[in-house]
Amino acid sequence: MELKKIITRLTMGVMLFSACTKDKVQPENIYAKTGIAAVVNSNFSLSLCKYALVATHYNDTLSKPGPYTLLGPSNDAFTAAGWPSGAAVIHATDSLQSMMPYNFIRAAIKLDSLPLAFNQPLIAGNGQPLYVTHWVNSRDTAVVVNGVRVSTLDKPAANGLVNITDGILTPIVYNDVQQAVSGDPALSMFNAAIIKSGLAADYNNGGPYTVFAPVNTAFNAIGIMTVDSIYKMDAATLQKIVKAHIAAGMNFIYDYILKADVTANTYQEHMLSGAISTITLVADPVRQGRFSGITLQAASGAGVSISRKNILAGNGVVHSISWLLNQ
């Protein structure tokens with residue numbers, strides 16, 4: 001009888017030890033089950049974002065206590081960036097490795113509860129600033145990050161909040177707006193104009209600035225054919241050209257959509273030269289009552305289109321335009 005009791009106690013002890021050992025090796029992670037990563041895994045609109053997070057191992061990060069705020073690009077956002085499938089996303093892991101930590105914040109921040117203001121700086125997961133606009137007018141209520149609209153806001157998770165964005169947020173790679181201009185071969189003539197005018201130092205520092213940089217073909221259209229031609233021009237003339245394309249303050253394209261007069265659908269931007277450029281909203285062909293972009297007014301009165309937008313630098317943002325503006 002005594003032997004039977006001893007055997008029973010030993011068996012119970014082994015079972016208890018085994019249970020404790022199992023719990024120690026494989027603790028239950030409630031954040032993996034109900035946290036941000038789990039919310040992403042269960043949301044079809046974020047299926048490509050899931051591939052990106054897993055491939056870059058930030059899925060593991062977002063399964064920890066946090067808290068975090070995810071700015072998760074939608075499937076359409078990945079498709080627009082050239083990654084329309086899970087396989088394409090995985091093949092782009094090297095590029096996405098630096099992008100994904102810029103698409104979350106290491107804090108739980110309700111974007112829809114931020115003050116009504118333009119370009120409020122927050123710190124992304126990679127330590128860089130990103131800029132959140134929360135604005136309301138008579139036709140729209142919007143939250144926009146770096147010019148990218150947030151379509152789904154503040155979905156709760158055990159370790160933070162999940163948002164869905166209409167585009168992928170790209171980390172800052174340029175220290176200043178002049179460097180951003182110099183980094184684009186299509187803007188080599190405008191870059192030469194900044195340098196020859198003597199204004200490069202101004203745009204390396206100070207700011208923030210909004211730059212509407214004319215592409216090389218815009219200079220060709222007025223008879224200036226080469227970079228060498230720019231360097232032969234008078235510095236004062238070039239200063240006037242450069243300043244007619246730069247405004248004080250930082251504005252992404254969607255900022256102008258929100259700032260524009262809701263009746264006329266226009267906005268008057270004051271350039272550093274003193275010239276005023278009329279910005280006109282472009283109607284979205286798919287979503288009725290929405291706007292997809294802007295045009296500016298050239299000296300001829302014709303509309304000037306945006307060929308590349310929202311290139312964020314350390315002291316402002318650069319947009320490439322198809323024609324020179326009124327000086």
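This is a predicted model: local features need pLDDT of at least 70, side-chain atom pairs count only at pLDDT 80 or more; totals for chains, interfaces and linings use all residues.

Residues are numbered from 1 along each chain as its sequence is written, and side-chain values use heavy atoms, with hydrogens and water left out.

Let me turn to the rings. A search of the whole structure gives 7 aromatic pairs. Rings of Phe, Tyr and Trp (its six-membered ring) pair if their centres lie within 6.5 Å; planes under 30 degrees apart count as stacked, over 60 as edge-to-face, and the rest as tilted. For Phe78 and Trp83 the centres are 6.5 Å apart and the planes meet at 45°, so this pair is tilted. Phe78 is buried, with a relative accessible area of 0%, and Trp83 is buried with 15%. Buried here means under 20% relative accessible area, exposed over 50%, and partly exposed in between, with a 1.4 Å probe and protein chains only.

Phe212 and Tyr256 form a tilted pair as well, with 6.0 Å from centre to centre and 40° between the planes. Phe212 belongs to strand E8 (residues 209-214) and Tyr256 to helix H15 (residues 253-259), so the pair ties together parts that are 44 residues apart in sequence. Helices (H or I, at least four residues) and strands (E, at least two) are DSSP runs, numbered from the N terminus. Both Phe212 and Tyr256 are buried. Elsewhere, Tyr58, Tyr68 and Phe104 make up one aromatic cluster.

Next, helix H10 (residues 188-197). Why is H10 described as largely enclosed by the rest of the structure? The reason is that 7 of its 10 residues are buried; among them are Met189, Phe190 and Ile194. The cover over the buried residues of H10 includes helix H9 (177-182), helix H14 (235-243) and E8, where contact means heavy atoms within 4.5 Å. Just after H10, Gly198 takes a positive phi of about 85°.

As for the strand residue, Ile276 lies in strand E11 (residues 276-283). Ile276 is partly exposed, with a relative accessible area of 45%. Not counting residues up to four places away in sequence, Ile276 touches Gln268, Glu269 and His270.

On a 1 Å grid over the protein atoms alone, a cavity is a set of points where a 1.4 Å probe fits but cannot get out, and a pocket is an open set with protein on both sides within 12 Å along at least five of seven lines; lining residues have an atom within 4 Å of a point. Grid points are joined across faces, edges and corners, and a volume is the space filled by probe spheres set on the points.

The largest pocket holds about 1,100 Å³ of space. Its lining has 37 residues, and Asn146, Val148, Ile168, Lys309 and Asn310 lie nearest the centre. Which element gives the largest share of that lining? It is E13, with 8 residues; E13 is the strand at 303-313.

The largest cavity contains about 50 Å³ of space. Residues lining this cavity include Arg139, Asp140, Tyr254 and Phe291.
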